Amino acid sequence: MKLERLISIIYKLLNHEVLPASALAEEFQVSPRTIYRDIDAICAAGFPVVSYQGTKGGFGMIEGYKMDKSLLRSYDVDALITVLHGLSTVFDDDQALGTIERLQTVGPERHTPNLSVNFTTRRNDPEALRLLRTGITEQRIIRFDYVNANNERTTRELEPVRLDFKYSNWYVYGFCRARREYREFRLSRMLNLKLTAGFFAAHNVSRENPANSFDVQTSMEEVVIRARPEALSEVLDHFHLSEKQFHEDGSLTLRILVSQPLEAKWLWAILLSFGSGAEVLEPPALRGILREQLQKALQQYKEV
């Protein structure tokens, strides 16, 4: 639309000293003549646009002209720009980049970022994230194969509601047509993800996921781990928020609360990844499970 293009041109002129008409025409996919008419309209609206001649000529705002900065504090602008930058790297979002450009016009003149956020992970495919976001915004059904925590592979159709980034992983929450209820799916376990031609009506769901709620008082159990000095950094990377007690020999005892640790395969994998660098002290049943897992692994390499 013309109005949106005019607003975008204004913000671009505020963020760049000089912009050639040809560059603006290419970006907005219109003719240079249309850009000249847009510039005339912007000038008529009271914006002090200056025309520069020559091979490096173009259009820019008169020196010293700035937008009113009273709406947002510099802290607000910095925080918004940081989050939007992180999202734009994942979703390749032109709208987010446009919003960043507009925010920069009301931010500090010399901006040095003091915070960086990166939402990309080694476990997730950015293209899959973009496809899921398209499904959410266009209200289109998605189909995929899913491997659950019990290593069962099923085909699902989902009416996606939102994407969540938590625990260093991306999740999609929506209405599962196979189970006829709202479910959450971890993106790293989704295979052969596709957008279907089917559409669905908008959902009215709360921000919290009822399926993920549980009674913390009755479901959590304590796991005690002793980490050797050579494994401190790796153990702390996984269990930094646990209760910690350092010892004179440089080792560390950690106490962590885990929901059903005897069934938490994700926890087993982490503990086994420490090798001889860490030992589970409690509960005894968990020690037995880890020993059994190690014996199974050794059987696979018995001929080595």
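Is Cys43 buried, exposed or partly exposed? Cys43 is partly exposed, with a relative accessible area of 34%, where buried stands for under 20% relative accessible area, exposed for over 50%, and partly exposed for what lies in between, with a 1.4 Å probe and protein chains only.

## The model and the chain

This is a predicted model, in which local features need pLDDT of at least 70 and side-chain atom pairs count only at pLDDT 80 or more, while totals for chains, interfaces and linings use all residues. Residues are numbered from 1 along each chain as its sequence is written, and side-chain values use heavy atoms, with hydrogens and water left out.

The chain holds 10 helices and 11 strands; these are DSSP runs numbered from the N terminus, helices being H or I with at least four residues and strands being E with at least two. Of its 304 residues, 35% count as buried. Among contacts (heavy atoms within 4.5 Å) with a separation of 6 or more, 58% are between residues 24 or more positions apart.

## Cysteines

A search of the whole structure finds 0 disulfides, a disulfide being a pair of cysteine sulfur atoms within 2.5 Å. Cys43 is partly exposed, whereas Cys176 is buried, with a relative accessible area of 0%.

## Strand β5 and its partners

Strand β5, residues 169-176, is mostly covered, and 8 of its 8 residues are buried. Two strands pair if DSSP finds at least two bridges between them. Strand β4 (residues 153-166) is joined to β5 by 8 bridges, and the two run antiparallel; Asp164 has Tyr171 in β5 as its bridge partner. The hairpin of β4 and β5 has 2 residues between the strands, and in this hairpin Tyr167 takes a positive phi near 55 degrees.

Strand β6 (residues 181-186) is joined to β5 by 6 bridges, and this pair also runs antiparallel, with Val172 standing opposite Phe185 in β6. In the hairpin of β5 and β6, which has 4 residues between the strands, Arg180 takes a positive phi near 55 degrees.

## Helix α9

Which residues of helix α9 are buried? In this helix, residues 265-273, they are Leu267, Trp268, Ile270 and Leu271. Seen down the axis of α9, these buried residues fall within an arc of 165 degrees, so they line one face of the helix; the arc is that of the directions from the helix axis to the C-beta atoms. Their cover includes β8 (220-227), α8 (232-239), β10 (252-259), β11 (278-282) and α10 (284-300).

Leu272 also lies in helix α9, but Leu272 is partly exposed, with a relative accessible area of 29%. Leu272 touches Leu290, Gln293 and Leu294, not counting residues up to four places away in sequence. Leu272 and Leu290 are 18 residues apart in sequence and 7.2 Å apart in space, C-alpha to C-alpha. After α9 comes Gly275, whose phi is positive, near 60 degrees.

## Nonpolar cores

A nonpolar core is a set of buried Ala, Val, Leu, Ile, Met, Phe, Trp, Tyr and Cys residues joined through side-chain atoms within 4.5 Å. The largest core has 22 residues, of which Val223, Val235, Phe239, Leu267, Leu271 and Leu286 touch the most other members. At least two residues of this core come from each of β8, α8, β10, α9, β11 and α10. A second, separate core of 17 residues includes Ile10, Ala21, Ile42 and Phe59.
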